[in-house]
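Thanks for sending this one over. Here are some notes to read alongside the sequence and the coordinates.

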Amino acid sequence: ALSHQGRLLEALACYRAAAELAPQAAKTVRTYAAALTEAGHVNEGLRWFSRALALGVDLASMHYALGTTLLAHGFLAEGWKGYCYRSAVMRFREQHADLTLAQTLPAELAGRRVCVLREQGLGDEIFFLRYAPQLQAAGARIVYRAHNKIGSLLARVACIEQVLEETAPLPEADTVILVGDLAHALSSYPASALPGPPVAPQPTTNKATTS
């Protein structure tokens with residue numbers, strides 16, 4: 001309640017008490033870790049995130065929470081890795097079990113056909129499409145399966161070779177990737193010297209195949 005009123009320091013004391021009373025409750029520990037970083041105590045917050053991860057409960061959610069926290073504090077290379085654990089990815093994989101998705105790109109992209117799939121809402125889709133020019137500049141030929149509301153607009157974008165309707169079958173491609181993973185896959189930022197424990201490893205994925 002205090003947190004929703006913007007009284008972060010008062011709320012922090014409550015979160016701390018909860019974490020000390022229930023140190024094995026992963027969600028409670030994660031909430032305290034997030035509150036610490038939000039209040040500016042980044043070093044201590046990352047240490048508590050490490051404790052939450054060590055409990056081994058709901059790890060995808062834990063990695064995602066840590067990833068968004070790292071992004072908020074400018075640790076981009078590590079933060080995008082955590083973003084790979086977002087719930088939208090898990091739902092997409094459940095709904096499209098026949099697709100093999102990549103979260104990394106081939107080292108050599110010249111002439112490679114990369115099929116990029118929309119996900120989440122229109123705002124997220126448009127936000128992550130900012131990486132399409134970088135992908136095309138690296139030599140990739142982009143096929144994009146878009147939300148139907150913006151498909152006609154994207155058809156005019158020079159860096160996208162082909163735009164598909166959102167339910168269209170996928171063409172042959174060297175790599176299939178979600179648009180939200182482009183930031184991680186194309187990141188040129190070096191890993192930061194984190195002020196706390198190392199971020200968790202990237203989730204294991206299979207090599208992308210053609211569809």
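**Notes on the predicted model**

1. Cys14 counts as partly exposed because its relative accessibility is 47%, which lies between the 20% and 50% cut-offs. Cys159 has a relative accessible area of 12%, so this residue is buried, the limit being under 20%.

2. How many disulfides are there? The count comes to zero, taking a pair of cysteine sulfur atoms within 2.5 Å as the criterion. As a reminder, a disulfide is a covalent bond between the sulfur atoms of two cysteines.

3. Next, the sheet. Four strands form an open sheet in the order β3-β2-β1-β4, and the pairing is parallel. The edge positions belong to β3 (162–164) and β4 (175–178); each has a single partner strand, so one side of each has no neighbour in the sheet. From one strand to the next, the twist averages 25 degrees.

4. Val114 has Thr175 in β4 as its bridge partner.

5. Finally, the largest pocket, which holds about 220 Å³ of space. Which helix gives the most to its lining? That is α6 (residues 87–95), with four residues. The lining residues include Ala88, Arg91, Phe92, Leu117, Arg118, Glu119, Arg145 and Glu166. By class, the lining of this pocket has five charged, three polar and three nonpolar residues.

Note on methods: Residues numbered from 1 in each chain as written. Predicted model: local features only at pLDDT ≥ 70, side-chain atom pairs only at ≥ 80, totals over all residues. Heavy atoms only, no water. 1 Å grid on protein atoms, 1.4 Å probe; cavity = no way out; pocket = protein on both sides within 12 Å on 5 of 7 lines; lining within 4 Å. Points joined across faces, edges and corners; volume = space filled by probe spheres on them. Helix = DSSP H or I, 4+ residues; strand = E, 2+ residues; numbered from the N terminus. Nonpolar A, V, L, I, M, F, W, Y, C, P; charged D, E, K, R; others polar. Buried < 20%, exposed > 50% of the residue type's maximum accessible area, 1.4 Å probe, protein only. Pairing = 2+ DSSP bridges. Axes fitted to C-alpha atoms, helices over the stretch in contact; angles between N-to-C directions.
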